[in-house]
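This report describes selected contacts and surface features of one protein chain. Please keep the sequence and the structure in view while reading.

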Amino acid sequence: GGFLMALRITDDCLNCFACISDCPNEAISEGAVIHVIDSSLCTECVGSYESPRCIKVCPADTAIEWDPERVETRETLLARWEKLHPGKAPVLFDNER
């Protein structure tokens with residue numbers, strides 16, 4: 001249960017590549033000015049980590065934010081993860097079981 005908001009990168013992005021190399025779904029790429037998150041690949045790390053890795057590794061506190069215009073359920077994110085990682089088992093945490 002529960003709804004989560006998709007992530008987006010703000011103009012505070014430093015283009016340091018920390019989030020790109022840490023994303024388990026390869027959802028982040030270099031944009032024209034700042035890095036961008038492909039929402040069709042982003043699972044907010046559901047299935048891989050307990051919390052979004054991009055937020056954890058980003059050196060700029062305000063470069064990655066929740067997008068209130070894109071709200072998705074944990075089930076939707078997990079289904080996306082399973083599609084991106086066929087044949088693999090997702091990592092589930094206590095709050096997801």
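## Salt bridges

A salt bridge is a side-chain nitrogen of Lys or Arg within 4 Å of a carboxyl oxygen of Asp or Glu. The structure holds 5 salt bridges. The model is a predicted one, in which local features need pLDDT of at least 70, side-chain atom pairs count only at pLDDT 80 or more, and totals for chains, interfaces and linings use all residues. Residues are numbered from 1 along each chain as its sequence is written, and side-chain values use heavy atoms, with hydrogens and water left out.

One of the salt bridges joins Arg8 and Glu65, at 2.6 Å from N to O. Arg8 lies in strand β1 and Glu65 in strand β4, so this pair ties together parts that are 57 residues apart in sequence. Helices (H or I, at least four residues) and strands (E, at least two) are DSSP runs, numbered from the N terminus. Asp67 also forms a salt bridge with Arg8, with the closest N and O atoms 3.1 Å apart. Asp67 is in strand β4 and Arg8 in strand β1, 59 residues apart.

A further salt bridge is formed by the side chains of Arg53 and Asp22 (2.6 Å, N to O). It links helix α2, which holds Arg53, with helix α1, which holds Asp22, across 31 residues. Through shared partners, salt bridges join Arg8, Glu65 and Asp67 into one network.

## Charge over a ring

What does the charged end of Arg53 sit over? It sits over the ring of Tyr49, 5.1 Å from the ring centre. The rule requires NZ of Lys or CZ of Arg within 6 Å of the ring centre and within 35 degrees of the ring normal.

## Burial and backbone

Buried means under 20% relative accessible area, exposed over 50%, and partly exposed in between (1.4 Å probe, protein chains only). Asp67 counts as buried because its relative accessibility is 10%. Arg8, at 30% relative accessibility, counts as partly exposed.

Most residues other than glycine have a negative phi, and most peptide bonds are trans. Phe17 is not a glycine, yet it has a positive phi of about 75°. Phe17 belongs to the loop between β1 and α1 (18–22), and it is partly exposed, with a relative accessible area of 37%. Glu44, likewise not a glycine, has a positive phi of about 55°. Glu44 is found in the loop between β3 (36–37) and α2, and its relative accessible area of 5% makes it buried.
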